[in-house]
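Have the sequence and the coordinates open as you read.

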Amino acid sequence: MKLNKVVIVSKFGSKISEDAAKMVAKKLLSKKIIVYTIAPVEVNGTNQVESLDQLTKTKLDLAITLGGDGTTLRAFRNLRSETPILTINVGGNRGILSEITLDSIDDAINAITKNLSLIHISEPTRRTPISY
C-alpha cells in the first residue's frame, strides 16, 4: 500500500499517547508521508487540525490511533468508512480493539508500505479484527 496521507489520532489528555503520536509522526515524515495530527499534538512538518471533523473530506490512506478503545471508536465515528485504521494501545485501559503495541510500529509501517501484510480493521460492532 502506498502511504501518501496518514492521520495520527491520540488519546485526549494523555501525555504518553501524545508523545507516542509525535514519535510516530516523525517516523512517517522521514518516509516523505503527509501527516495530519490532531491538536494538541504538534510536530514540525505535519498538518495540525483541531478535530477529526476537519478531515472528513480528505482521502486518507491510513489512520493510526494511539490510545485505548475510546480513541479507536472516535476515529471510526469521524473518518470515512474506507479509511483503514491501525490501532495501538497506548495509555488505554484494555485495548480490546488494539492490533499492535507501540514497540511494533516500525515493523507495521514497513509491512504496510511494502504490501507484506493486510491491515486488520477492527469494527466497533465486532470483538475480533477482520481483514480487508
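## The buried face of H1

In helix H1 (15-30), the buried residues are Ser17, Glu18, Ala20, Ala21, Val24, Ala25 and Leu28. Buried here means under 20% relative accessible area and exposed means over 50%, with partly exposed in between (1.4 Å probe, protein chains only). Helices (H or I, at least four residues) and strands (E, at least two) are DSSP runs, numbered from the N terminus. Seen down the axis of H1, the buried residues fall within an arc of 160°, so they line one face of the helix; the arc is that of the directions from the helix axis to the C-beta atoms. On the face turned away from this buried side sit the exposed Lys15, Ile16, Lys26 and Ser30.

The buried residues of H1 pack against E1, strand E2 (34-38), E4 and H3, where contact means heavy atoms within 4.5 Å. Just after H1, lysine 32 takes a positive phi of about 65°.

The largest nonpolar core has 23 residues, and Ile8, Leu28, Ile64, Leu66, Leu86 and Ile105 have the most contacts inside it. Such a core is a set of buried Ala, Val, Leu, Ile, Met, Phe, Trp, Tyr and Cys residues joined through side-chain atoms within 4.5 Å. H1 gives the largest share of this core, five residues.

A second, separate core of 12 residues includes Val7, Val49, Leu60 and Ile85.

## About the model

This is a predicted model, with residues numbered from 1 along each chain as its sequence is written. Local features need pLDDT of at least 70, side-chain atom pairs count only at pLDDT 80 or more, totals for chains, interfaces and linings use all residues, and side-chain values use heavy atoms, leaving out hydrogens and water.
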